[in-house]
Amino acid sequence: MPTLLFIAALMAASYFIISEAADSKGSFQDNFDIMWSQEHFSTSPDGQIWYLSLDKETGCGFQTKQRYRFGWFSMKLKLVGGDSAGVVTAYYMCTENGAGPTRDELDIEFLGNRTGQPYLIQTNVYKNGTGGREMRHMLWFDPTEDFHSYSVLWNNHQIVFFVDSTPVRVFKNNGEANNFFPNEKPMYLFSSIWNADDWATRGGLEKTDWKKAPFVSSYKDFSVDGCQWEDPYPACVSTTTRNWWDQYSAWHLSDSQKMDYAWVQRNLVIYDYCKDYERFPTLPVECSLSPWD
Ligand SMILES: *[C@@H]1O[C@H](CO)[C@@H](O)[C@H](O)[C@H]1NC(C)=O
Ligand SMILES: *[C@@H]1O[C@H](CO)[C@@H](O)[C@H](O)[C@H]1NC(C)=O
């Protein structure tokens, strides 16, 4: 797909030329702490690939040491293969380590499935403790076979979720104070694997088959090109001159990204809260903002 290659090249170029902000690639220990269950974490002999495992006892999770406000956040993941029904691998950004009542959060959750049945990805956006902004997508490849990159572009104008170089979800700001667009607080990046067979696969009908445990998800190539938060506030103000992810061209999709996004919208969307009139007889305000602007 030439357009995708072109975007990838553009991103790579801007990534290397403009890297005056935090730009971390490196070992697990440089960037992350284990949140729970050290014994369910391991790495490849060279330290470049990281594994989280889930068994009947518990799962495992890690988080960045640093917080960031705005930027480009990316990692390659390879998901639990075979029979992974009930297993959820979460990859998310959040203002805190916990589910506090005023947190902001950007989520990508990979919902496992029975052997040969498709994984779904669920994305969500929380502001000040309120989420409920789910979308669900199919993928156009088997995410258990190879590593693919999953990335978030976050600035004060939009949040875009990418799978490889394809934008799958665009969440816009409206340029006013509002209660839907997280833009004030810095976030950590997290990943974890856990059992969610009460809801994840076919709405909870398919249960985790513990005979298949341990379930393992793999990670590599973490990269951040964003503003690393430093106290005292205010750090990480939005500027339009310094960083590519804050500049005008990152405020909306490029023409070729729009084509890819349109293709995703036509073919891969399973659920969009902005179309769920049963749940929201009056749609939330952010649903009126156009992803094409
Ligand atoms: C955030 O939520 C808390 C608790 O739910 C509420 O008291 C507070 O007013 C909210 N803040 C904003 C800025 O909306
Ligand atoms: C799992 O596979 C079933 C059957 O193909 C499908 O309906 C469902 O959407 C898939 N994903 C999840 C997370 O349930």
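Modeller: What follows covers the fold, the core and the ligand site. This is a predicted model, where local features need pLDDT of at least 70, side-chain atom pairs count only at pLDDT 80 or more, and totals for chains, interfaces and linings use all residues. Residues are numbered from 1 along each chain as its sequence is written, with chains lettered from A and ligands numbered from 1 in the order in which they are written.

Colleague: How many helices and strands does the protein have?

Modeller: Three helices and 16 strands, taken as DSSP runs (H or I, at least four residues; E, at least two) numbered from the N terminus.

Colleague: What box do the C-alpha atoms fill?

Modeller: Roughly 55 × 45 × 45 Å along the principal axes.

Colleague: On to the core. Which residues touch the most other members?

Modeller: M93, V152, L153 and I159, in a largest nonpolar core of 53 residues. Strand β7 (residues 87-94) gives the largest share of this core, six residues. Such a core is a set of buried Ala, Val, Leu, Ile, Met, Phe, Trp, Tyr and Cys residues joined through C-beta atoms within 7 Å; buried requires 20 or more other C-beta atoms within 10 Å of a residue's own, with C-beta atoms placed from the backbone.

Colleague: What share of the 293 residues is buried?

Modeller: Buried residues make up 36% of them.

Colleague: Now the ligand. Which residues are around ligand 1?

Modeller: P101, T102, N128, G129 and N179, each with its backbone-placed C-beta atom within 6 Å.

Note on methods: Buried ≥ 20, exposed ≤ 12 C-beta atoms within 10 Å, placed from the backbone.
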